[in-house]
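Open the model in your viewer and keep a selection panel ready.

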Amino acid sequence: MSVALQVSGVRARYGDLEILKGVDIEVPFGEVHVLMGPNGSGKSTLCHVLMGKDEYESSGSALVDGTEVMGLAVDERARAGLFEAFQYPVEVAGVSLNDLLREMGEVRQDPAYAERVEAAADTLDMHRFRERSVNGGLSGGEKKRSEMFQMAVASPKVAILDEIDSGLDIDAVREVAHLVEELRSDDLGVLIITHYSRILRYMNPDKIHVMVNGEVVRTGGPEIAAELEASGYVDLVGNEASIPKPEITPFDV
Amino acid sequence: MKTLDVQASAAAGAVDPDWLAARRKVALDYYDKLDMPSDREEVWRYVDFDFVLGDFGLVDEPGEAHEIDNGIAAALPDIAGSMLLVDGHAVSVNTGDTDAVFGSLRTLLADNPAILEPHVAKGTPADMNKFAAAHTAFGSDGAVLVVPPGTAIERPFFVDIQAATDGAVSFPLITLATGESSQASVVIRYRSDDELNALVVPNLELAVGDNSQLKVTVVQHWGVGTTSVSHLRAVVGRDGSVHIGEAGLGGALSRLQLQIDLEGNGSNANVVGAYFGDESQTLDYRYTMHHQGLNTDSDMFLKGAVQGESLSIFTGMIRIDEEAQKTNAYQTNRNLILSDGAAAQSVPNLEILANDVRCGHGSTMGPLDEEQRYYLMSRGLDGPRSDRLLVHGFFNEALAKFPEPAIADVVTSWIDAKYRAAQEAGTV
């Protein structure tokens, strides 16, 4: 299968701080990959660097269906087929979701767009949110649902879901996982960024990449998640003090 | 063109009943005595006049009015009555077919002056400043609406106020009074050509009767050469409600000094504003919300943007008297600074003498939000398109609270167009 997202040698710094030290990740079309790692490993930075947020100084290559997106403006990357679902989707007061959908349609000039909006709104039960402000007054789960809705509408080639499970209760995590599985298609490559492995209980990722200190240190099958759940990231970095074990609180131990 | 002097004042008062003639005489004294306001006074801070009132003259014959609508009249297909005032003179009146008294001030002074006396007496005091003094000393015409008790009028009245003569000053008076348990809505449009150098000093006097509801929508669309110094004074009776929306778009300097007295127990006021300055405009708002009765509520909510070299000023005062327990009062002023050369001043004040009240204020200013911009761009919208959507959304929050939604829609389209033009000109 051809490659949806090909990340090669991506480096990034924020001021004097080097955050990404040469990241390589490949997500083929039709697959769902997971990027895991402890806090501060650079996962969200990778997400923003790929989307083009200008607060980082970055280099390297990122191909979206063969098109180089590094160096493009944020909106150009979006129109090249890259989508970011935000960890904390910002509220845009006074702009309704319908306003945003209309603008998204105008920049895409895709005859199938309007139909896709209605179909996705039906499937994801989003009609009741369309006249409300973008992300305004939405619960954590509703915000993630809105992100998935916009993803379905944008019909990207590559979707990066940044901490899509953060701040959600277990029911909402399960729901988001199911939405991702529903949106899985042969025309899409998905990269899920997560700190915890719990979302993986409800979905079937094809590959897991583990990032530590700005580098991908391990790539493998779903079995990696089980290992991480058992032992945390410690074995991978060998420094227990700086690395919290995922989802194991003192009460669980 | 007549100079602002004792003869001009006498001519303006040709049909005055005694009580109005007495007010006019006192006002003329104040006009002679008072200096032009200075930016050293707190209430005039940031405002610097490069003229004196006497530079402008009164006209006997109004200039030619704009015939072509700018969208406001079209947005009001079904009105209760309408009036056109040009250079301070009523030139056409459609009194409508409602039970309300609606007509020109001059006609009513001749026919039925008693109906006006109680309301005019509560208006802006002549000693407030030189402009207010000049208004009472030299004003001769205006629009009057008196709604009888128990009468609800859903359709809005439309008052079109235009300046059309270069070098002229005019003093339109708008007196709106709602009787007990009545209801009315009035839309006021200010308008002039960009080429015109004119001064307009409108006074609005709102007498909101017990348990009545008055909505007033003001669309300020003066040309860039027109200066406007206006006053609005509202007195709200028991369980009465006043809802005011002001859109400020034009003018060289456009000022609105507003005071609402929530006199009656259970009365409330909702004041919304949306203003957008560019070039070297100054948009100046001085609002006072005075809670006097028990259980009174107020909300001031203004959103403004400045671009080019423009300046906006908002000072909001919530004053709560010792007797005004159980007051809820809020003021919000948010400003977008869209160009480096533009500036906004925002000064919220509270003066609270009662101890059982809920009161809040918020004031912000800054550029468009970078996180919101990034979010919209990540959806494929280019930078300028994202910014347009953000500006639209920013104002939408205020315009959605306007009394007449159809007018708000027209104002929205003007604001969208004004910002887009600035983008195309590269000034934002």
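Select the interface of chains A and B: 17 residues of chain B are in contact with 22 residues of chain A (contact: C-beta atoms, placed from the backbone, within 7 Å). On the chain B side, α6 (370–377) and α7 (383–399) each give two or more residues. Helices here are DSSP runs of H or I, at least four residues, and strands are runs of E, at least two, numbered from the N terminus. The largest share, 7 residues, comes from α7(B). Color that side by class: 6 nonpolar, 6 polar and 5 charged residues. Nonpolar means Ala, Val, Leu, Ile, Met, Phe, Trp, Tyr, Cys and Pro; charged means Asp, Glu, Lys and Arg; the others, Gly among them, are polar.

This is a predicted model: local features need pLDDT of at least 70, side-chain atom pairs count only at pLDDT 80 or more, and totals for chains, interfaces and linings use all residues. Residues are numbered from 1 along each chain as its sequence is written, while chains are lettered from A and ligands numbered from 1 in the order in which they are written.

Next, chain A. Show the open sheet of 4 strands, β2-β1-β4-β5, with antiparallel pairing (paired: at least two DSSP bridges). β2 (17–28) and β5 (67–68) of chain A are the edges; each has a single partner strand, so one side of each lacks a neighbour in the sheet.

Last, select α2 (18–33) and α5 (130–138) of chain B. Their axes come within 8 Å and cross at roughly 145 degrees.

How values were computed. Two residues are in contact if their C-beta atoms, placed from the backbone, lie within 7 Å. Axes are lines fitted to C-alpha atoms, for helices over the stretch in contact, and angles run from 0 to 180 degrees between N-to-C directions.
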